[in-house]
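Reader: I've got a fold open in my viewer and I'd like to learn how to read its features one at a time. Can you walk me through it?

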Amino acid sequence: MTPDLMEAGAQRLEQSGHLQEGSSGGRSPGYGRVHVPGEVDLTHGRILYLEDVHVSFDGFKAINGLSLDIAPGELRCIIGPNGAGKTTMMDIITGKTRPDSGQVYFGSTIDLLRHREAEIAAMGIGRKFQKPTVFEQLTVFENLELALATDKRVASSLSFRLDASQRDRLAEVLQTIHLADQVNRQAGLLSHGQKQWLEIGMLLMQDPRLLLLDEPVAGMTDEETERTAQLFLSLKGRHSLMVVEHDMSFIRTISEKVTVLCDGAVLAEGTLDQVQADERVIEVYLGR
């Protein structure tokens with residue numbers, strides 16, 4: 001989350017009289033401010049490209065020769081045992097962690113290793129962490145409004161009013177994330193799954209090209225999981241998605257191509273049926 005959005009959220013909470021020390025509304029939401037300054041070069045048919053990436057922490061090889069690529073509009077599922085490097089991979093893509101060596105490109109020309117977290121978010125890469133973090137004292141509408149890529153300086157924020165296109169976009173996102181009937185409800189009163197959808201909606205308000213989603217259905221009910229699958233399938237094609245998840249039923253519902261990570265590298269890749277039948281995957285992850 002960028003500092004200007006954090007400040008704007010705090011100001012909004014103060015104005016509404018709801019911000020209290022220790023309240024969940026004061027947490028920093030786990031999403032990036034996404035504003036595309038220009039078209040991402042997709043000449044080579046890849047929106048994300050990692051080549052021979054290595055990173056070690058105190059001698060432990062968290063990422064060890066990782067190479068993978070994702071096509072524009074693709075929904076790629078990433079699975080693997082704990083400690084396989086899934087979260088570290090996302091940290092590298094978003095600029096939180098710098099690798100020791102390797103290449104990481106967004107499109108054909110943007111070297112992500114040359115940019116900071118905020119810059120990468122502004123290029124069109126949005127990330128959602130496992131735990132939903134929204135401004136719980138604000139309404140669903142106010143959370144989405146706050147996420148718009150607008151001028152967050154105090155003077156501009158005080159005089160800001162949604163224009164017609166922004167209202168249309170907000171209404172579209174509300175329908176997409178299944179919260180149109182909750183628009184005026186306080187975010188803190190939403191179910192766990194609904195908070196997850198709201199945070200995804202806050203990302204969508206800024207039109208990201210690539211979404212990184214870490215265990216999005218953890219803790220959801222069966223119904224919420226099913227609706228989340230519908231949501232992701234509706235985003236496929238319009239956005240590129242990288243989904244890290246352990247729920248195999250969910251993976252089967254949404255996946256075409258699955259990448260299995262182990263020991264910081266790609267162990268197997270293919271359809272879910274193909275990787276589930278791979279003896280190496282069975283040995284290190286699925287079990288017998």
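Predicted model: local features only at pLDDT ≥ 70, side-chain atom pairs only at ≥ 80, totals over all residues.

Reader: Fine. How many helices and strands does the chain have?

Author: The chain holds eleven helices and ten strands. Then check how contacts span the sequence. Among those between residues at least 6 apart, 70% join residues at least 24 apart.

Reader: Next, the cores. Which residues have the most contacts inside the largest nonpolar core?

Author: Here you look for buried nonpolar residues linked through their side chains. The largest such core has 49 residues, and Leu144, Leu198 and Phe232 have the most contacts inside it. Helix 7 (residues 192-204) gives the most to this core, with six residues. There's also a second, separate core of 29 residues, which includes Val55, Leu68, Ile93 and Ile110.

Reader: What does Leu198 touch, leaving aside its neighbours within four places in sequence?

Author: Its partners are Val134, Val140, Asn143, Leu144, Ile177, Leu179, Ala187 and Leu190. Leu144, another of the residues with the most contacts in the core, shows up again when you look at Val173 in helix 6. Leaving out close sequence neighbours (up to four places), Val173 is in contact with Leu144, Gly201, Leu204 and Met205.

Reader: Is Val173 buried or exposed?

Author: Val173 has a relative accessibility of 1%, and the cut-off for buried is under 20%, so it counts as buried. As for distance, Val173 and Leu203 are 30 residues apart along the chain, with 9.9 Å between their C-alpha atoms.

Reader: Now cavities. How many of 30 Å³ or more are there?

Author: A cavity is a spot where a probe fits but cannot get out. The count here is one cavity of 30 Å³ or more, and the volume of the largest cavity is about 40 Å³.

Reader: Which residues line the largest cavity?

Author: Its lining is made of Arg169, Glu172, Val173, Thr176, Leu204, Leu235, Arg238 and His239. Helix 6 (residues 164-176) supplies the largest share, four residues. Sorted by class, you get three nonpolar, two polar and three charged residues.

Reader: How many disulfides does a search of the whole structure find?

Author: The test asks for two cysteine sulfur atoms within 2.5 Å, and the search finds zero. Cys77 is buried at 0% relative accessibility, and Cys262 is buried at 14%.

Reader: What does Thr259 touch?

Author: Thr259 is part of strand 9 (residues 257-262) and is buried, at 0% relative accessibility. Not counting residues up to four places away in sequence, its contacts are Leu68, Arg76, Cys77, Ile78, Ile79, Val266, Ala268 and Glu269.

Reader: Last one: where does Asp247 lie?

Author: Look in the loop between strand 8 (240-244) and helix 9 (248-254). Asp247 is partly exposed because its relative accessible area, 30%, falls between the 20% and 50% cut-offs. Setting aside residues up to four places away in sequence, Asp247 touches Val217 and Thr225. Asp247 and Val217 are 30 residues apart in sequence, while their C-alpha atoms are 7.8 Å apart in space.

Conventions: Residues numbered from 1 in each chain as written. Heavy atoms only, no water. 1 Å grid on protein atoms, 1.4 Å probe; cavity = no way out; pocket = protein on both sides within 12 Å on 5 of 7 lines; lining within 4 Å. Points joined across faces, edges and corners; volume = space filled by probe spheres on them. Helix = DSSP H or I, 4+ residues; strand = E, 2+ residues; numbered from the N terminus. Nonpolar A, V, L, I, M, F, W, Y, C, P; charged D, E, K, R; others polar. Buried < 20%, exposed > 50% of the residue type's maximum accessible area, 1.4 Å probe, protein only. Contact = heavy atoms within 4.5 Å. Core = buried A, V, L, I, M, F, W, Y, C linked by side-chain atoms within 4.5 Å.
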